[in-house]
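Here's a quick briefing to read alongside the model. Keep the viewer open and click through as you go.

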Amino acid sequence: MQRLTWCVILTLCLSLAACGQTKKKQEVYDKWNAARASVQGNLAAEQYKNGNLPDARKTINEALKLEPKNVAYRLLSAQIYIEAAALEAAQGELDTIRALDPKNAQADYFSGIVYQRWQKPNVALDYYAKASEKSPAELSYLMARAEMMIQLGQAAEATSLLEGRLAYFEHSGSVRDMLGGLYLQRDRVKDAVAIFQQATILSPDDPEIREHYIRALFRAQQYQNCIQEITALTKDEAFAKRADLRLLLGECYLQLDNARAAKPEFETAADRSPNLVVAWLGVAKASIRLNDLDRCEAALKRALSLDPQNPQVYIALGYLRMKQNLNSDAITALEKAAQLDPKDPVSLCLLGLLHERAGKKDLAMEYYAKALQIKPDDELARSLMKRAR
């Protein structure tokens with residue numbers, strides 16, 4: 001009996017020793033696999049970064065064979081699939097990640113991208129919302145969520161979302177830039193100017209944000225500030241040749257009744273973009289205020305050659321003919337403008353003025369009344385109607 005007991009103990013000891021050796025071997029084997037997988041994972045990341053998707057796919061697959069439960073490798077695999085437009089495979093990887101790590105915010109974010117490309121914005125929004133809730137400090141998740149809300153027509157909700165996170169992202173210019181755009185959509189121009197100004201302070205080297213600020217200033221009729229910002233921006237060579245900025249600068253000067261400063265800006269815009277009709281219109285408007293009727297005529301001729309169906313060109317032409325006392329030609333041009341754009345009260349007001357000057361008061365008032373039907377709060381139409389009465 002005693003001998004049997006010792007045999008059992010000896011067998012047990014031998015088994016435990018063997019088990020310990022096996023466990024140790026497995027640990028060494030796992031460490032070796034992890035090291036090999038790490039090399040493959042790093043290489044795959046570098047290949048992906050360099051745009052070498054076929055090799056990146058092969059390499060990450062090798063890493064996943066060694067460590068199939070590694071979430072980082074599966075995330076990279078999903079990104080490679082997304083870049084290669086293999087969206088179903090990408091979504092499969094992301095579902096696997098959620099099973100391995102339900103709290104992983106990146107998986108939800110990339111699923112949002114997948115469903116956005118599948119043109120399923122509601123599902124994409126759900127995933128972006130989950131990502132931003134799981135990782136509230138990640139700015140890109142919040143921005144993606146807000147952008148998708150805007151796309152779905154939820155501008156008010158997106159505004160509230162961003163306003164609620166301003167304090168959290170107190171140093172982010174991009175959040176304020178997006179919020180400024182939302183304010184402009186909702187005609188909160190004063191708020192837009194203020195938030196864009198904050199954005200430019202937080203992101204002073206972002207020219208796109210500064211552009212948004214400039215256009216908000218123009219909308220707010222802060223023309224002098226707008227001029228200062230454009231002048232500062234166009235000191236950079238990348239923006240100095242931008243015709244649209246010169247055009248905006250000209251409009252600012254024109255609004256400040258400084259046609260002499262406006263004209264060269266419009267001419268510069270027209271020189272840099274010869275097919276830009278609004279630039280030639282700007283030259284015409286500035287020229288007529290300076291009583292340079294020949295230059296106005298030439299600019300309008302060029303504008304008409306570029307766009308013979310542009311109602312604004314015909315309004316400007318009608319006004320020029322009025323200045324030249326060519327009333328019949330003015331009426332022809334303005335009637336053409338009214339035909340091309342029946343919802344613009346300006347051409348109707350000018351037609352009424354022409355008929356009033358010709359002593360046709362009743363006909364003039366008909367035109368003023370039509371203008372007021374189109375735009376009841378139009379100041380020009382109201383003042384002309386009041387005077388005619």
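In α6, the buried residues (under 20% relative accessible area, with exposed meaning over 50% and partly exposed in between, using a 1.4 Å probe and protein chains only) are Ala124, Leu125, Tyr127, Tyr128, Ala129, Ala131 and Ser132. This is a predicted model, where local features need pLDDT of at least 70 and side-chain atom pairs count only at pLDDT 80 or more, while totals for chains, interfaces and linings use all residues. Residues are numbered from 1 along each chain as its sequence is written, and side-chain values use heavy atoms, with hydrogens and water left out. Helices here are DSSP runs (H or I, at least four residues), numbered from the N terminus.

- Helix α6 covers residues 121-134, so 14 residues in all, and spans 20 Å between its first and last C-alpha, close to the 20 Å expected at 1.5 Å a residue (the expected span being 1.5 Å times one less than the number of residues).
- Those buried α6 residues pack against α4 (87-100), α5 (105-117) and α7 (139-151), where contact means heavy atoms within 4.5 Å.

- α5 has 13 residues and a first-to-last C-alpha reach of 19 Å, close to the expected 18 Å.
- Ten of the 13 residues in α5 are buried, so this helix is mostly covered.
- The buried set in α5 is Ala105, Ala107, Asp108, Tyr109, Phe110, Ser111, Gly112, Ile113, Val114 and Tyr115.
- The cover over α5's buried residues includes α3, α4, α6 and α7.
- Helix α11 (residues 207-219) also gets a length check: 13 residues, with 18 Å from first C-alpha to last, close to the 18 Å expected.
- Buried in α11 are Ile209, Arg210, Glu211, Tyr213, Ile214, Ala216 and Leu217.
- Covering the buried residues of α11 are, among others, α9 (173-185), α10 (189-202), α12 (223-233), α13 (237-240) and α14 (243-255).

**Nonpolar cores**

- A nonpolar core is a set of buried Ala, Val, Leu, Ile, Met, Phe, Trp, Tyr and Cys residues joined through side-chain atoms within 4.5 Å.
- The largest one has 84 residues, and Leu94, Tyr109, Leu162 and Leu300 touch the most other members.
- There's a second, separate core of 22 residues, including Leu348, Leu350, Leu353 and Ala364.
- Leucine 300 is in contact with Leu281, Ala284, Val313, Ala316, Leu317 and Leu320, once neighbours within four places in sequence are set aside.

**Two helix pairs**

- Two packed helices are described by the angle between their axes and the distance between the axes.
- Axes are lines fitted to C-alpha atoms, for helices over the stretch in contact, and angles run from 0 to 180 degrees between N-to-C directions.
- For α17 (residues 293-306) and α18 (residues 311-323), the axes come within 10 Å and cross at roughly 155 degrees.
- Leu293, Cys296, Glu297, Leu300, Ala303 and Leu304 in α17 meet Val313, Tyr314, Ala316, Leu317, Leu320 and Arg321 in α18.
- The axes of α20 (residues 345-357) and α22 (residues 379-388) come within 10 Å too, crossing at roughly 20 degrees, which means α20 is roughly parallel to α22.
- Here Cys349, Leu353 and Glu356 in α20 meet Leu380, Ala381, Leu384, Arg387 and Ala388 in α22.
- The α17 and α18 crossing is left-handed, and the crossing of α20 and α22 is left-handed (the near helix is turned anticlockwise from the far one by less than a right angle; clockwise would be right-handed).

- Serine 77 sits in helix α3 (residues 71-83) and is buried, with a relative accessible area of 0%.
- Not counting residues up to four places away in sequence, serine 77 touches Arg57, Ile60, Leu64 and Glu93.
- Glutamate 157, in helix α8 (residues 155-164), is partly exposed at 41% relative accessible area.
- Aspartate 187 has phi near 60 degrees, a positive value in a residue other than glycine; aspartate 187 is in the loop between α9 and α10 and is exposed at 58%.
- Aspartate 257 has a positive phi of about 60 degrees although it is not a glycine; aspartate 257 is in the loop between α14 and α15 (259-272) and is exposed at 63%.

Conventions:
Helix = DSSP H or I, 4+ residues; strand = E, 2+ residues; numbered from the N terminus. Parallel < 35°, antiparallel > 145°, perpendicular 65-115°, else oblique.
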